[in-house]
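Please look at the structure first, then read the points below.

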Amino acid sequence: MKQSVRDIEVSGQKVLVRTMLNVPIKNGVVGDKMRLEAAAATLKYLLEQNAALILISHHSHEGQSLAPVAPVLANILGHPVTFVADCLGEAASAAVASLQPGQVVMLENLRFHPEEEANDDAFARTLASYGQVFVQDDFTTCHREHASMVSVPKYLPAVAGFQVQKEVQTITDALENPKRPLIAVAGGAKISTKIPIVSFLLRKVDALFIGGAMANTFLAAQGVPIGKSLVEPDMLEQAKAILADAVTQGKSLLLPLDAIVTTNIEAPADIRTVAISAVGPDDIIADIGPLSVAQLDTILEPEGTVIWNGPVGIAEQTVFASGTAGVAEKIIGSGATSIIGGGDTADYVDNAGLASKFSFVSTGGGASLELMSGHTLPGVEALLDKQN
Ligand code: 3PG
């Protein structure tokens with residue numbers, strides 16, 4: 001267990017916060033604000049404690065400034081945020097030096113300096129010199145061994161913010177101490193990226209439901225014809241091994257019983273719902289069908305837990321989104337404790353206006369995948385342990 005922002009004196013201190021400002025920005029306009037809203041809890045708490053805040057973060061898109069994020073965050077916080085156009089140099093040092101308790105300064109995208117991703121020690125020391133305390137609250141990046149994740153914590157007392165604490169606790173509890181039955185629903189396109197999570201989850205869960213293009217490789221491994229559907233031939237042996245493991249471990253592993261197929265994904269044509277045994281040689285599986293969705297009724301229990309990672313069809317195309325919508329509906333309707341792994345699944349439930357209907361929606365894509373694969377996160381490991 002790691003120390004949190006509540007375990008350390010922050011009142012009147014200069015607090016360096018690695019926060020979560022990596023949000024969609026198009027033509028200078030911030031899109032989805034879910035991450036900023038999640039980041040606000042720690043920042044508001046620190047302001048209530050009369051801390052002086054120095055916010056650091058990154059943006060994934062090369063060259064993308066964080067400047068458009070500052071007014072949006074200020075609006076969410078109801079508090080002014082001063083933006084500084086570099087995280088190094090005189091302007092940053094001057095802004096930090098004159099910062100008073102109750103004030104917030106936001107520094108420019110850390111990745112404008114290659115030292116961030118190179119985990120450069122001198123860069124980390126400079127960042128650390130800005131604060132007296134370090135708060136890590138960007139869960140989404142905790143799987144990266146970057147300077148602001150793993151090296152800054154070497155030079156300051158470093159604790160978790162509320163979002164990091166909540167993410168790690170919720171996902172870890174669901175895996176280690178779940179209300180059973182524990183069900184995993186795994187989707188997404190590439191089995192190769194999901195193998196670790198599927199293998200690990202299989203050991204933890206009572207039942208595993210696989211959909212999305214990833215299911216095609218499992219179907220092919222069973223000798224089911226899948227026409228021209230996406231498949232990863234290199235992964236057939238791994239898929240066979242997982243199917244065999246499921247049998248050895250006595251776990252139910254459910255694959256699609258039916259599919260929505262087309263002969264053209266880009267310009268969808270000849271869309272049909274067919275039994276999985278009736279996928280034609282020219283068909284491409286684009287979604288799961290209603291019988292597949294209905295299988296969830298046989299495994300979901302109101303007193304149980306479900307972890308969902310990955311859409312079960314090409315959910316960004318409305319004609320192929322009914323399987324994913326059906327899965328969402330079944331999970332919500334089951335009354336089970338529901339945890340949504342980040343990335344595409346979080347985007348889907350958020351865009352569908354369903355996020356609040358799940359018990360927990362992770363903000364992290366890669367980071368939640370890592371945790372759900374049984375790995376620790378370097379950005380979390382770097383923080384101070386809680387004393388018993
Ligand atoms: C994310 O969006 O998953 C995190 O912010 C990490 O971003 P990255 O993939 O660019 O490291």
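In what follows, Ala, Val, Leu, Ile, Met, Phe, Trp, Tyr, Cys and Pro count as nonpolar, Asp, Glu, Lys and Arg as charged, and the others, Gly among them, as polar. The model is predicted. By these classes, the shell around the ligand holds no nonpolar residues, 5 polar ones and 3 charged ones.

**The ligand and its shell**

- Which residues surround the ligand? They are Asn22, Arg35, His58, Ser60, Arg111, Thr140, Thr141 and Arg144.
- Asn22 has a polar side-chain atom 2.7 Å from an oxygen atom of the ligand.
- For Arg35, a polar side-chain atom lies 3.0 Å from a ligand oxygen atom.
- Thr140 also places a polar side-chain atom 3.0 Å from an oxygen atom of the ligand.
- On its own the ligand has 310 Å² of accessible area, and the protein covers 79% of this.

**The second largest pocket**

- The volume of the second largest pocket is about 290 Å³.
- This pocket is lined by 14 residues, of which Met1, Lys2, Val168, Thr172 and Val380 are the closest to its centre.
- Two or more lining residues come from each of these elements: helix H6 (162-176) and helix H14 (378-381).
- Which element gives the most to the lining of the second largest pocket? H6 does, with 5 residues.
- Sorted by class, the lining of the second largest pocket consists of 7 nonpolar, 5 polar and 2 charged residues.

Key: Residues are numbered from 1 along each chain as its sequence is written. This is a predicted model: local features need pLDDT of at least 70, side-chain atom pairs count only at pLDDT 80 or more; totals for chains, interfaces and linings use all residues. Side-chain values use heavy atoms; hydrogens and water are left out. A residue is near a molecule or strand if one of its heavy atoms lies within 4 Å of it. A polar contact is a pair of N or O atoms within 3.5 Å; within protein, one must be able to donate a hydrogen and the other to accept it, and residues adjacent in sequence count only if both atoms are side-chain atoms. Accessible areas come from the Shrake-Rupley method with a 1.4 Å probe; for residues, only the protein chains shown count as cover. On a 1 Å grid over the protein atoms alone, a cavity is a set of points where a 1.4 Å probe fits but cannot get out, and a pocket is an open set with protein on both sides within 12 Å along at least five of seven lines; lining residues have an atom within 4 Å of a point. Grid points are joined across faces, edges and corners, and a volume is the space filled by probe spheres set on the points. Helices (H or I, at least four residues) and strands (E, at least two) are DSSP runs, numbered from the N terminus.
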